[in-house]
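Here is a friendly briefing to read with the model open beside you.

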Amino acid sequence: MSHTERIVSQFTRMAEAFATAPHIVDRDALNLLLRCTSAGPADSSLDVACGAGIVTCHFAPVVRHATGIDITPAMLEKARSRQAELGLTNVTWGLGSAESLPYENCSFSIVTSRYAIHHLEQPRSTLREMTRVCTPNGTVAVADICVSEDKGKADRFNELERLHDPSHVRALPLSDHLANFQEVGLSSPTVARYKRDFRLSRLLHALGHRAADAARAEGMLRDSLASDALGTDRRVENGELIFSYPIAVLAARKPCESRAI
């Protein structure tokens, strides 16, 4: 199975849960992305790897036109349902790869991708494509997991993620995110951070979890209570282990005189 096929398989199974998960539809996180991109009525936005269309539909009432693209048909079905429920008429959906966007250069004034970069084998290629389709002086924004700069901790975090999500490739530390922005010719991004809390029980019942993987994931999380092995916050509340995903939102302008990308 190719990695693209793995993504489509995983997110086809996850489509229903992904469309309604509290951490996905959380309005505070969505509003933060709006603020970081300074979205307004003159903008046309594109959300790359849009999933169930949560970001696209959140931008639509604010911008002139909102577009979402994803590689998983089942996710786009959920996105269209959400658009219909909200009565949005200024939205377009596309089926396609994040690493080869089917749009002309300089097509959108805001280009975003949320919670997707860690699923991609070539995240810099996707950021380069996002920059290509962004207008000069437009905004490119990425919201994604931001792991520890300590390689050992980051590697263990990524190992944990792959145990319950086979489509996970690698969450990046901030230094790698910043290097990618610089490499594709974007200005230095602003960075905002927040955390998403998950209960151990939720992780252990993730789709696709095998018993052996669940046991190993639980062991890694419980071990992290005594030693900061994963480089992220963790705590026990009412007997339940709570594990925090560190998120960074990076937003940068595309220079008017951008070098070739």
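## A loop, a helix and some rings

Ser38 sits in the loop that runs between α3 (27-37) and β1 (44-48). Helices (H or I, at least four residues) and strands (E, at least two) are DSSP runs, numbered from the N terminus. This is a predicted model, in which local features need pLDDT of at least 70 and side-chain atom pairs count only at pLDDT 80 or more, while totals for chains, interfaces and linings use all residues. Residues are numbered from 1 along each chain as its sequence is written, and side-chain values use heavy atoms, with hydrogens and water left out.

- At the start of α3, a side-chain oxygen of Asp26 comes to within 3.4 Å of the backbone nitrogen of Asp28. A polar contact is a pair of N or O atoms within 3.5 Å; within protein, one must be able to donate a hydrogen and the other to accept it, and residues adjacent in sequence count only if both atoms are side-chain atoms.
- The buried residues in α3 are Ala29, Leu30, Leu32, Leu33, Leu34 and Thr37. Buried means under 20% relative accessible area, exposed over 50%, and partly exposed in between (1.4 Å probe, protein chains only).
- Those buried residues of α3 pack against α2 (22-25), α4, β4, β5 (134-147), β7 and β9, where contact means heavy atoms within 4.5 Å.
- Just after α3, Ser38 takes a positive phi of about 55 degrees, in a residue other than glycine.
- Cys106 also has a positive phi, near 60 degrees, and its place is in the loop between β3 (91-95) and β4 (108-114). With a relative accessible area of 37%, Cys106 is partly exposed.

**Aromatic pairs**

- A search of the whole structure turns up five aromatic pairs. Rings of Phe, Tyr and Trp (its six-membered ring) pair if their centres lie within 6.5 Å; planes under 30 degrees apart count as stacked, over 60 as edge-to-face and the rest as tilted.
- One of these pairs is Phe157 with Tyr245, which is edge-to-face at 5.7 Å centre to centre, with 80 degrees between the planes.
- Phe157 belongs to helix α7 (residues 151-164) and Tyr245 to strand β9 (residues 240-253), so this pair ties together parts that are 88 residues apart in sequence.
- Phe157 counts as buried at 1% relative accessibility, and Tyr245 counts as buried at 6%.
- Tyr245 also pairs with Phe198: the ring centres are 4.7 Å apart and the planes are at 65 degrees, so this pair is edge-to-face.
- Because Phe198 lies in strand β7 (residues 190-199) and Tyr245 in strand β9, their pair ties together parts that are 47 residues apart in sequence. Phe198 is buried as well, at 8% relative accessibility.
- Ring pairs join Phe157, Phe198, Phe243 and Tyr245 into a cluster.

- The structure holds one cavity of 30 Å³ or more, and about 40 Å³ of space lies in the largest cavity. On a 1 Å grid over the protein atoms alone, a cavity is a set of points where a 1.4 Å probe fits but cannot get out, and a pocket is an open set with protein on both sides within 12 Å along at least five of seven lines; lining residues have an atom within 4 Å of a point. Grid points are joined across faces, edges and corners, and a volume is the space filled by probe spheres set on the points.
- Ile117, Pro123, Leu127, Val142, Leu172, His177, Asn180 and Phe181 line the largest cavity.
- α8 gives the most to this lining, with three residues, and both α6 (123-132) and α8 (174-183) supply at least two.
- His177 lies in helix α8 and counts as buried at 2% relative accessibility.
- A polar atom of the His177 side chain lies 3.4 Å from the backbone oxygen of Ile145.
- Leaving aside residues up to four places away in sequence, His177 touches Ile117, Asp144, Ile145, Cys146, Leu172 and Leu250.

**The second largest pocket**

- About 430 Å³ of space lies in the second largest pocket.
- Its lining has 28 residues, of which Ile7, Ala49, Asp70, Ala116 and Leu120 lie nearest the centre.
- α1 gives the most to the lining of this pocket, with five residues.
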